[in-house]
Amino acid sequence: MLKPTLAEFKKITGQGVVLVDFDVAWCAPCRIQEIIIGSLARRFSGRATLSVLDLDHNSRLAGIMQIKSVPTLVLFKEGKEVTRFIGLQSEETLSKAIEEALR
């Protein structure tokens, strides 16, 4: 699981299937979401990239991506946003979305 800087964001999301979890350290649901992201990162290792991006350290990106609440998860495929999830998401929901994007 990566914690990209703003400079790395476009490079990471531009290749393959990438799920980015936009969160902040002080958010309780975000901590739960990170555990789920960690599990999915192991499951999809080598097939998809899963990243956690702390918006307290990347507030400019929050504006660019129009992130208004946390956690927000954005699924990218080849640099294009495929879908967006707002709020805590189950492993099953995210797994299905990643599988679909990999097709």
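In this predicted model, the side chains of arginine 84 and glutamate 81 meet in a salt bridge with a nitrogen-to-oxygen distance of 3.0 Å, where a salt bridge is a side-chain nitrogen of Lys or Arg within 4 Å of a carboxyl oxygen of Asp or Glu. Arginine 84 is partly exposed at 28% relative accessibility, and glutamate 81 is likewise partly exposed at 39%; the term covers what lies between buried, under 20% relative accessible area, and exposed, over 50%, with a 1.4 Å probe and protein chains only. Side chains of opposite charge can pair when their charged atoms come close.

Residues are numbered from 1 along each chain as its sequence is written. Because the model is predicted, local features need pLDDT of at least 70 and side-chain atom pairs count only at pLDDT 80 or more, while totals for chains, interfaces and linings use all residues, and side-chain values use heavy atoms, with hydrogens and water left out.

**Salt bridges**

A search of the whole structure finds six salt bridges, and three of these pairs are set out below.

| Pair | N to O distance |
|---|---|
| Arginine 84 and glutamate 81 | 3.0 Å |
| Arginine 47 and glutamate 99 | 3.1 Å |
| Arginine 31 and glutamate 34 | 2.4 Å |

What do arginine 47 and glutamate 99 tie together? The two side chains meet in a salt bridge. Arginine 47 lies in the loop between H2 and strand E2 (49–54), whereas glutamate 99 lies in helix H4 (residues 91–102), so the pair ties together parts that are 52 residues apart in sequence. Helices (H or I, at least four residues) and strands (E, at least two) are DSSP runs, numbered from the N terminus. Arginine 47 is partly exposed, with 43% relative accessibility, and glutamate 99 also counts as partly exposed, at 27%.

Glutamate 34 is buried, with a relative accessible area of 17%, while arginine 31 is partly exposed, at 29%. Their side chains are also joined by a polar contact of 2.4 Å, a term for a pair of N or O atoms within 3.5 Å in which, within protein, one atom must be able to donate a hydrogen and the other to accept it, and residues adjacent in sequence count only if both atoms are side-chain atoms. Asp23 joins Arg31 and Glu34 in a network of salt bridges.

Helix H2 also holds isoleucine 32, which is partly exposed at 45% relative accessibility. From C-alpha to C-alpha, isoleucine 32 and threonine 83 are 20 Å apart in space, and they are 51 residues apart in sequence.

**Paired strands**

Strand E1 (residues 17–23) and E2 run parallel and are joined by six bridges, and two strands pair if DSSP finds at least two bridges between them. Within this pairing, valine 18 has threonine 49 in E2 as its bridge partner. Five of the six residues of E2 are buried, so this strand is largely enclosed by the rest of the structure.

**The largest pocket**

The largest pocket holds about 170 Å³ of space. On a 1 Å grid over the protein atoms alone, a pocket is an open set of points where a 1.4 Å probe fits, with protein on both sides within 12 Å along at least five of seven lines, and lining residues have an atom within 4 Å of a point; grid points are joined across faces, edges and corners, and the volume is the space filled by probe spheres set on the points. Of the 11 residues that line this pocket, Phe9, Lys10, Leu61, Ile64 and Met65 are the closest to its centre. Helix H1 (6–13) and helix H3 (59–64) are the elements that give two or more residues to the lining, and H1 gives the most, with five. By class, the lining has seven nonpolar, two polar and two charged residues; Ala, Val, Leu, Ile, Met, Phe, Trp, Tyr, Cys and Pro count as nonpolar, Asp, Glu, Lys and Arg as charged, and the others, Gly among them, as polar.

**Backbone features**

Most residues other than glycine have a negative phi, and most peptide bonds are trans. The peptide bond from valine 70 to proline 71, however, is cis, with omega near -5°, and proline 71 lies in the loop between H3 and strand E3 (72–77). Glutamine 66, in the loop between H3 and E3, has a positive phi near 55° and is exposed, with a relative accessible area of 57%. Glutamate 78, found in the loop between E3 and strand E4 (80–86), has a positive phi of about 55° although it is not a glycine.
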